[in-house]
Amino acid sequence: MHLNPSQQSSQCCDDVNVIINTPGGTFDFGVPIMKVNSYSLAQIFEKDLCFLLPFYDYHSDPDFGVIIHGKISRIRSLFSVIVLMASVISVS
């Protein structure tokens, strides 16, 4: 689920309850929610949370150009891996 930043802060809970029904029984467990607006762009790179990049609100970050400038090759390689994974999944 992807919510805009105002919805994330006011309407999104910290975790969700997931229920999985299987022939062997029902499993019920909590899953923590990662809120993109909890992390600055610098923290996303520092903590290696690059999977959050597609959901990051670039328009509201005045330092976006400065931070991202040195990370272009890393971002390209990450997206290359994503494209490769997607092609493998679509072939399977």
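1. A salt bridge here is a side-chain nitrogen of Lys or Arg within 4 Å of a carboxyl oxygen of Asp or Glu. By this rule the chain has one salt bridge. The structure is a predicted model, in which local features need pLDDT of at least 70, side-chain atom pairs count only at pLDDT 80 or more, and totals for chains, interfaces and linings use all residues. Residues are numbered from 1 along each chain as its sequence is written, and side-chain values use heavy atoms, with hydrogens and water left out.

2. The salt bridge joins lysine 35 and aspartate 14, whose closest N and O atoms are 2.9 Å apart. Lysine 35 sits in the loop between strand 2 (25-32) and helix 2 (41-46), and aspartate 14 in the loop between helix 1 (5-11) and strand 1 (15-22), so the pair ties together parts 21 residues apart in sequence. Helices (H or I, at least four residues) and strands (E, at least two) are DSSP runs, numbered from the N terminus.

3. Lysine 35 is buried, at 16% relative accessible area, while aspartate 14 is exposed, at 57%. Buried means under 20% relative accessible area and exposed over 50% (1.4 Å probe, protein chains only). Of the 92 residues of the chain, 17% are buried.

4. The chain holds four helices and two strands, in the order α-β-β-α-α-α from the N terminus.

5. Confidence needs a remark. Mean pLDDT (the predictor's confidence in each residue, from 0 to 100) is 75 for the chain, and 72% of its residues reach 70 or more. Over residues 1-8, pLDDT stays under 50. Where pLDDT is low, the predicted coordinates should not be read in detail.

Conventions: Contact = heavy atoms within 4.5 Å.
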